[in-house]
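Here are some notes for a first look. Please read them with the model open.

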Amino acid sequence: MNLTFARVQRERGSFGLAFVPAWIFVGAYLLIWTLFGVLAYFGANAASELARTVPWLLMNAPRIGGGILVLAGIYQFTPLKRVCLAKCCMCQQSLLEGWRDGRLGAFRMGLSHGLSCLGANWLLCVLLFPVGLMNIAAMAVLTALIFVEKVFPQAERIAWIAGLALTLYGTLVIVVPAALPTWGTGM
């Protein structure tokens, strides 16, 4: 999307229209993800503190993680996921349809694109908490899934397959808590 924005800006500049640096668009996009990261960080700290004071949470952390996996799986089937994924994936079309001139316009477009991509992927990112924030394999799998959903033309079908897999795995973890890896967990 960032490259598409830069290309469209370059083309608009060749017609004598005002040039807007791509960093404004990218900065707004990154602002959305930074705010989400800060919120997730504080949420993780609050959950950790709560787990220290409520032993039941710590004893049932894998089952809670299984529940989060199920929720993430179900989210893959929702209309909100579908709409956000479509807007996040259709780079040139969504960019041209929502084009805004000037620096403020670029900032607004970056925010909009960031919100669309966040809406499509936020719960997949939250999955890193139950499977482990430092779990490199989990990070690689989730990164690959997000990439495949964004790049391949069958994004909705891929999201549904992932949703089914997450729901089944989460259900397994709820029934058999040992199915959730405990090394490198963030909970």
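**Notes on the model**

1. Start with S116. S116 sits in helix 7, which spans residues 102–126. This is a predicted model.

2. Is S116 buried or exposed? S116 counts as buried because its relative accessibility is 10%, and the cut-off for buried is under 20%. Leaving aside residues up to four places away in sequence, S116 touches C84, K87 and C88.

3. Now the confidence. The chain has an average pLDDT of 84. A score of at least 70 is reached by 84% of the residues. Residues 183–187 need care: their pLDDT is below 50. In the model, this stretch still has 17 contacts beyond near neighbours in sequence. Where pLDDT is low, the predicted coordinates should not be read in detail.

4. Next, the largest nonpolar core. This core has 27 residues. W33, L69, L124, L127 and L166 have the most contacts inside it. Which helices supply at least two residues each? They are helix 2 (22–53), helix 4 (61–75), helix 7, helix 8 (128–131), helix 9 (136–151) and helix 10 (155–175). Helix 2 gives the largest share, 6 residues. In soluble globular proteins, nonpolar side chains tend to be buried together.

5. Finally, another core lies apart from the largest one. This other core has 8 residues, including F5, V8, W99 and A106.

Definitions and conventions:
Residues numbered from 1 in each chain as written. Predicted model: local features only at pLDDT ≥ 70, side-chain atom pairs only at ≥ 80, totals over all residues. Heavy atoms only, no water. pLDDT = per-residue confidence, 0-100. Contact = heavy atoms within 4.5 Å. Helix = DSSP H or I, 4+ residues; strand = E, 2+ residues; numbered from the N terminus. Buried < 20%, exposed > 50% of the residue type's maximum accessible area, 1.4 Å probe, protein only. Core = buried A, V, L, I, M, F, W, Y, C linked by side-chain atoms within 4.5 Å.
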